[in-house]
Amino acid sequence: MEELVGLREGSSGNPVTLQELWGPCPRIRRGIRGGLEWLKQKLFSVGEDWYFLMTLGVLMALISYAMNFIVERVVQAHNWLYREIGDSHLLRYLSWTVYPVALVSFSSGFSQSITPFSGGSGIPELKVILSGIVLEDYLDIKNFGAKVVGLCCTLAAGSTIFLGKVGPFVHLAVMIAAYLGRVRTATIGESGNKSKQNEMLVAGAAVGVSTVFAAPFSGVLFSIEVMSSHFSVWDYWRGFFAATCGAFTFRLLSVFNSEEETITCLFKTDFPVDIPYDLPEIFFFVALGAICGILSCAYLFCQRTYLGFLKTNRFFSKLLATSKPLYSALAAVILASITYPPGVGRFLASRLSMGEHLRSLFDNTSWALMTRNSSPPWPKELNPQNLWVEWYHPQFTIFGTLAFFLVMKFWMLVLATTIPIPAGYFLPIFIWGAAVGRLLGEALSVAFPEGLVAGGVINPIVPGAYALAGAAAFSGAVTHTISTALLVFELTGQIVHGLPVLMAVLAANAIAQSCQPSFYDGTIIIKKLPYLPWIRGRKISSHRVIVEHFMNCTITTLAKDMPLEEAVKVVTSTDMAEYPLVETKESQILVGTVRRAHLVQAFKAEPPSSTPGHQRCVQDVLAGGCPTEPVTLQLSPETSLHQAHNLFELLNLQSLFVTSQGRAVGFVSWAEMEKAISSLTNPPPPK
């Protein structure tokens with residue numbers, strides 16, 4: 001490397017080396033070095049995790065804002081093309097449909113050509129990873145680029161395809177967290193720590209939600225409910241710190257870009273604060289939660305059934321295996337044709353974006369009462385000041401368009417979730433639930449046009465509040481989460497309906513969790529990913545199921561006194577990764593485990609041979625240096641299914657040996673646990 005040179009002050013221009021320049025100032029140089037060392041020591045004394053978590057939050061906020069900026073410009077270009085192309089219905093139809101079809105086809109083809117793991121939401125696979133299963137290349141950085149480009153194209157298709165970005169952003173944040181974890185390990189110089197890696201992944205999941213909705217509280221809680229069955233309090237502050245950095249940066253960028261005057265919520269509402277609801281309305285909110293719970297069960301069943309049909313049908317399974325862009329294009333053509341505004345889309349408010357859908361549904365005025373004596377014309381162009389007009393039709397009325405929207409979007413959402421593109425599925429069900437609540441709120445406003453009278457005071461019905469509760473209840477029931485109640489308050493900036501919304505969410509979850517697995521668990525089941533299911537049947541009789549009822553009693557052991565030739569036959573005839581080691585054949589006392597790879601290496605180094613008067617056995621191989629591992633955790637035949645399930649989930653275990661008074665009598669793996677849980681949830685018919 002060439003030596004750095006410079007000019008001495010007042011010199012004739014002859015260059016000198018940097019060492020000569022600083023040579024006369026040894027005290028200054030020592031002071032600078034000491035100051036830098038002190039700064040480094042102080043910075044890292046508070047824990048290096050702070051800096052990596054802050055970097056994670058800021059990076060994801062920048063990506064989220066940049067993606068929103070790009071998508072908004074592309075959608076504006078599509079709307080301009082649709083407006084300016086002329087009055088020809090054919091040209092307008094083509095401009096409306098070809099645009100999203102091309103984007104969706106490119107999204108599917110591009111993302112799948114780089115890596116097959118970039119499609120879909122990503123949350124089901126992340127649940128599997130956090131449960132201890134290693135999915136190769138799923139968190140690879142090349143997957144990040146494919147997911148970003150594909151997701152931009154998906155979102156640019158607009159409300160035609162009606163998909164969001166929550167799930168993919170959780171996946172992107174976890175990929176960045178995994179990469180920063182590797183950078184952290186290389187920077188500090190410590191060996192790989194799986195516990196530290198999981199801490200970064202959990203924080204990444206929280207950041208993914210918070211940088212989409214600018215909601216750090218619900219982002220952390222949602223990630224805990226969706227991603228983890230057990231959560232370490234040690235990870236709590238990490239998730240909140242990273243999520244807060246991400247949410248703050250995301251909203252701060254809007255202020256810097258002059259989109260907002262100050263940091264505000266995404267969907268600001270103006271519900272009445274003095275008396276937001278009356279006591280009798282609690283019943284209607286709970287009833288809304290029950291309706292959302294029943295509808296969520298129907299949606300989850302239909303979505304999982306249709307996804308299973310695509311997997312088993314010969315034509316569609318071949319099409320999805322060989323021509324994913326073609327299937328994506330066909331689905332996009334169907335969805336775009338239905339949402340064409342002069343056609344059926346007139347009754348679906350299809351000119352609204354997904355954000356405008358929510359803003360209009362959260363409106364606190366009653367559309368039914370406003371249109372009772374008047375019939376506003378349908379504007380030729382979208383009016384941002386009166387978005388609610390998009391929901392009105394003179395013949396259909398508000399109730400007809402809302403009901404038609406719910407019926408059509410129900411099966412359209414099921415179809416959209418099967419398109420193999422990077423996409424999120426939370427925001428669509430959030431909007432659908434808001435429409436359910438809005439329909440009930442409008443019906444109540446017509447039934448009680450003057451409002452409810454309590455204590456001589458008339459309190460008007462606020463349909464937007466029911467839309468708020470419906471969004472939280474339906475999305476919470478589909479995902480089996482309670483944090484959606486907090487999410488709607490962070491989105492709107494008002495918590496005046498806290499109690500009724502929470503009661504609606506609880507009622508919806510009570511029904512959904514007792515009848516159907518969540519959206520993400522259902523995807524895991526259909527994809528046949530290795531994941532330990534949750535025990536949904538919590539009856540008292542389920543606690544009587546013990547390990548002895550479902551353990552695998554066929555266990556292959558290696559005894560210390562087993563002849564070496566017999567041990568070689570056992571190892572070569574089986575493919576187990578490790579073998580239980582017992583004291584003797586007769587006692588079967590479990591003393592440890594020995595890995596297959598170590599045994600094979602030991603057998604090659606010392607082939608089996610017998611000398612006169614002494615028959616070599618496994619004990620000789622162990623004495624020769626073959627390592628063994630102790631069994632620190634084991635089950636008893638009397639251990640209950642619930643206790644075993646908690647151990648497997650808490651410690652991310654794959655299998656455990658079962659011992660009775662020290663004797664190895666069997667083992668329990670995920671296969672036995674899944675079979676036992678399935679039998680408990682869906683008992684076989686009596687013979």
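Trainee: Which handedness does the crossing of α11 and α21 have?
Mentor: Helices here are DSSP runs of H or I, at least four residues long, and strands are E runs of at least two, each numbered from the N terminus. A crossing is right-handed if the near helix is turned clockwise from the far one by less than a right angle, and left-handed if anticlockwise. For α11 and α21, the crossing is right-handed.

Trainee: Which pLDDT do local features need in this predicted model?
Mentor: Residues are numbered from 1 along each chain as its sequence is written, and side-chain values use heavy atoms, leaving out hydrogens and water. The model is predicted: totals for chains, interfaces and linings use all residues, side-chain atom pairs count only at pLDDT 80 or more, and local features need pLDDT of at least 70.

Trainee: At roughly what angle do the axes of α11 and α21 cross?
Mentor: Axes are lines fitted to C-alpha atoms, for helices over the stretch in contact, with angles from 0 to 180 degrees between N-to-C directions. Angles under 35 degrees count as roughly parallel, over 145 as roughly antiparallel, 65 to 115 as roughly perpendicular, and the rest as oblique. α11 (residues 281-312) and α21 (residues 519-527) are therefore roughly parallel, as their axes come within 10 Å and cross at roughly 20°.

Trainee: Which residues of α21 make the contact with α11?
Mentor: Contact means heavy atoms within 4.5 Å. From α11 come Tyr-299, Leu-300, Gln-303, Arg-304, Leu-307, Gly-308 and Lys-311. Facing them in α21 are Phe-519, Gly-522 and Ile-526.

Trainee: Why are α13 and α16 roughly antiparallel?
Mentor: The crossing is left-handed. Tyr-327, Ala-331, Ile-334, Leu-335 and Ile-338 of α13 meet Met-408, Trp-411, Met-412, Leu-415 and Ala-416 of α16. The axes of α13 (residues 324-338) and α16 (residues 397-416) come within 10 Å. The pair counts as roughly antiparallel because its axes cross at roughly 165°.

Trainee: How does α3 lie relative to α6: within what distance do their axes come?
Mentor: α3 (residues 49-84) crosses α6 (residues 141-156) at roughly 40°, which makes the two oblique. The crossing is right-handed. Ile-63, Met-67, Val-71, Val-74 and Val-75 of α3 contact Phe-144, Val-148, Leu-151, Cys-152, Leu-155 and Ala-156 of α6. The axes come within 9 Å.

Trainee: Which residues touch the most other members of the largest nonpolar core?
Mentor: A nonpolar core is a set of buried Ala, Val, Leu, Ile, Met, Phe, Trp, Tyr and Cys residues joined through side-chain atoms within 4.5 Å. Buried means under 20% relative accessible area, exposed over 50%, and partly exposed in between, with a 1.4 Å probe and protein chains only. Of the 131 residues in this core, the answer is Phe-213, Tyr-299 and Phe-430.

Trainee: Where does this core lie relative to domain 1 and domain 2?
Mentor: Domain bounds come from an automatic or database domain assignment. Domain 1 (44-257) and domain 2 (279-527) both give residues to the core, so its place is between them.

Trainee: What is the relative accessible area of Phe-489?
Mentor: Phe-489 lies in α19 (residues 484-492). Leaving out residues up to four places away in sequence, Phe-489 touches Leu-468, Gln-494, Ile-495, His-497, Gly-498 and Val-501. Its C-alpha is 9.9 Å from that of Thr-269, 220 residues away along the chain. Phe-489 counts as buried because its relative accessible area is 10%.

Trainee: Is Phe-162 buried or exposed?
Mentor: Most residues other than glycine have a negative phi. Phe-162 has a positive phi, near 65°. This residue sits in the loop between α6 and α7 (166-188). At 3% relative accessibility, Phe-162 is buried.

Trainee: What relative accessibility does Thr-397 have?
Mentor: Thr-397 is in α16. This non-glycine residue also has a positive phi, about 65°. Thr-397 counts as partly exposed because its relative accessibility is 34%.

Trainee: How far apart are the C-alpha atoms of Ala-559 and Val-582?
Mentor: Ala-559 lies in β5 (residues 558-559) and is buried at 1% relative accessibility. Beyond four places in sequence, Ala-559 touches Val-582, Thr-584, Lys-585 and Val-618. Ala-559 and Val-582 are 23 residues apart along the chain, but their C-alpha atoms are separated by 4.8 Å.
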